[in-house]
Amino acid sequence: VYSLGAVLAVSILVVGHGNIFDLPYRVQRSMANLPGNWDPDIRAISEEGGDSFRTTMRELAWEKIKLNTIVGKGLGFNWADTAGINAANYMQNIHVALAMGNSWHNTWLGLWADFGLPAVIFHAFIMINFLVVLFSNYRKTNRSSQLGIYSLMLLIITICALLRSYTSGSSNIAFTVYWQFGAAVGIASNLRAQ
């Protein structure tokens, strides 16, 4: 029933877009591989057959990394970076705009471009420790308890974040993942006390 409902909902979105309503750009981008009346920029991206958007983002990150391999470029941008970008040509320059906002669509290259190589090594160290603590918590908790369920949720979220780190993410990883490491350490401390 749920699968049938999902297929029906996606069908309504595909058929309705452009005929009855207009979907936001992000929704169109997520559905661009389906046939539909999508925005011309979206169609151009999906017709290229590859992921040219992320490839361009990686190339921009590598340019920043080559300039400052050890310390990165830091957060922020120069006003010269925005020259020539306005509301009329924003979508054609989306790569540059996202790079200026540190949204690299690659956690590892984003950290390296913004904070340098030590940040990448530090992040790898944190993530390895995070996984060790999460697996330990998962093994030690009762699966039917709230602590066990929360431990499993953190483990799944972290594995998904690691799998997506090559195609998603940015250098603001501390706001999106590191707080979960604190929660996992708190669970481990609670389990030790018990």
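Colleague: What should I know before I look?

Modeller: The model is predicted, so local features need pLDDT of at least 70, side-chain atom pairs count only at pLDDT 80 or more, and totals for chains, interfaces and linings use all residues. Residues are numbered from 1 along each chain as its sequence is written, and side-chain values use heavy atoms, with hydrogens and water left out.

Colleague: Start with H6. Which of its residues are buried?

Modeller: Thr107, Leu109, Gly110, Leu111, Trp112, Ala113 and Asp114. Buried means under 20% relative accessible area, with a 1.4 Å probe and protein chains only. That is seven of the nine residues of H6 (residues 107–115), so the helix is largely enclosed by the rest of the structure.

Colleague: And what follows H6?

Modeller: Gly116, with a positive phi near 90 degrees.

Colleague: New topic. At what angle do H7 and H9 cross?

Modeller: Roughly 40 degrees, for H7 (residues 117–140) and H9 (residues 173–193). Their axes come within 9 Å. Axes are lines fitted to C-alpha atoms over the stretch in contact, and angles run from 0 to 180 degrees between N-to-C directions.

Colleague: Which residues make that contact?

Modeller: On H7, they include Phe122, Ile126 and Phe130. On H9, Val177, Phe181 and Ala184 are among them. Contact means heavy atoms within 4.5 Å.

Colleague: How close do the axes of H8 and H9 come?

Modeller: Within 11 Å, crossing at roughly 145 degrees. H8 covers residues 146–164.

Colleague: Which H8 residues meet H9?

Modeller: Leu147, Tyr150, Ser151, Leu154, Ile157 and Thr158.

Technical notes. Helices (H or I, at least four residues) and strands (E, at least two) are DSSP runs, numbered from the N terminus. Buried means under 20% relative accessible area, exposed over 50%, partly exposed in between (1.4 Å probe, protein chains only).
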